[in-house]
Amino acid sequence: MTASPKRPFLGVHYTTCATYGRLYKNDEGNAYEGRCPRCGHFFRVRIAPGGASTRSCQASCPPSYHNRYLR
Ligand SMILES: [Zn+2]
């Protein structure tokens, strides 16, 4: 088993933090996972059975994380 350097990913627009990032497919292949590059909030997007049709999505970070980033 060799780990592929090119993981499938999902483009994410973090609306609360006004930035973009990526969620990478997890090892089980049933969800995209990642963190907001600004506030570090963890997101998981489930992949529907039969394959995901979306390649991008929007995410809203909780205010508490946002405030922590702003200090
Ligand atoms: Zn964020």
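Modeller: Let us start with contacts: two residues are in contact if their C-beta atoms, placed from the backbone, lie within 7 Å. In this chain, residues 24 or more positions apart account for 35% of the contacts with a separation of 6 or more. This is a predicted model, in which local features need pLDDT of at least 70 and side-chain atom pairs count only at pLDDT 80 or more, while totals for chains, interfaces and linings use all residues. Residues are numbered from 1 along each chain as its sequence is written.

Colleague: Which pattern does the chain follow along the sequence?

Modeller: Helices (H or I, at least four residues) and strands (E, at least two) are DSSP runs, numbered from the N terminus. Here the chain holds one helix and five strands, and reading along the sequence gives β-β-β-β-β-α.

Colleague: In what order do the strands stand in the sheet?

Modeller: Two strands pair if DSSP finds at least two bridges between them. The five strands form an open sheet with mixed pairing, in the order β4-β3-β2-β1-β5. Its edge strands are β4 (42–46) and β5 (56–59), each of which pairs on one side only. For angles, axes are lines fitted to C-alpha atoms, for helices over the stretch in contact, and angles run from 0 to 180 degrees between N-to-C directions. Neighbouring strands of this sheet are turned by 30° against each other on average, direction ignored.

Colleague: How many bridges join β1 to β2, and how many residues lie between these strands?

Modeller: β1 and β2 run antiparallel and are joined by six bridges; glycine 11, for example, has arginine 22 in β2 as its bridge partner. The two strands form a hairpin with four residues between them.

Colleague: Is alanine 18 buried or exposed?

Modeller: A residue is buried if 20 or more other C-beta atoms lie within 10 Å of its own, exposed if 12 or fewer, and partly exposed in between, with C-beta atoms placed from the backbone. Alanine 18 counts as exposed because it has 8 C-beta neighbours inside 10 Å. For the chain of 71 residues, 15% count as buried.

Colleague: How do β2 and β3 pair?

Modeller: They pair in the antiparallel sense over two bridges. Lysine 25 has tyrosine 32 in β3 as its bridge partner, and tyrosine 24 stands opposite glutamate 33 in β3. This hairpin has five residues between its strands, and glycine 29 in the turn has a positive phi of about 75°.

Colleague: Where is asparagine 30 found, and with which residues is it in contact?

Modeller: Asparagine 30 is found in the loop between β2 and β3 (31–35). It is exposed because 12 other C-beta atoms lie within 10 Å. Leaving aside neighbours within four places in sequence, asparagine 30 is in contact with Arg46 and Ile47. Its C-alpha atom is separated by 8.1 Å from that of proline 49, 19 residues apart along the chain.

Colleague: Which residues make up the largest nonpolar core?

Modeller: A nonpolar core is a set of buried Ala, Val, Leu, Ile, Met, Phe, Trp, Tyr and Cys residues joined through C-beta atoms within 7 Å. The largest one here has nine residues: Leu10, Val12, Tyr14, Cys17, Leu23, Tyr32, Cys36, Cys39 and Cys61. β1 gives the most to this core, with three residues. Leaving aside neighbours within four places in sequence, cysteine 36 is in contact with Tyr14, Cys17, Gly21, His41 and Cys61.
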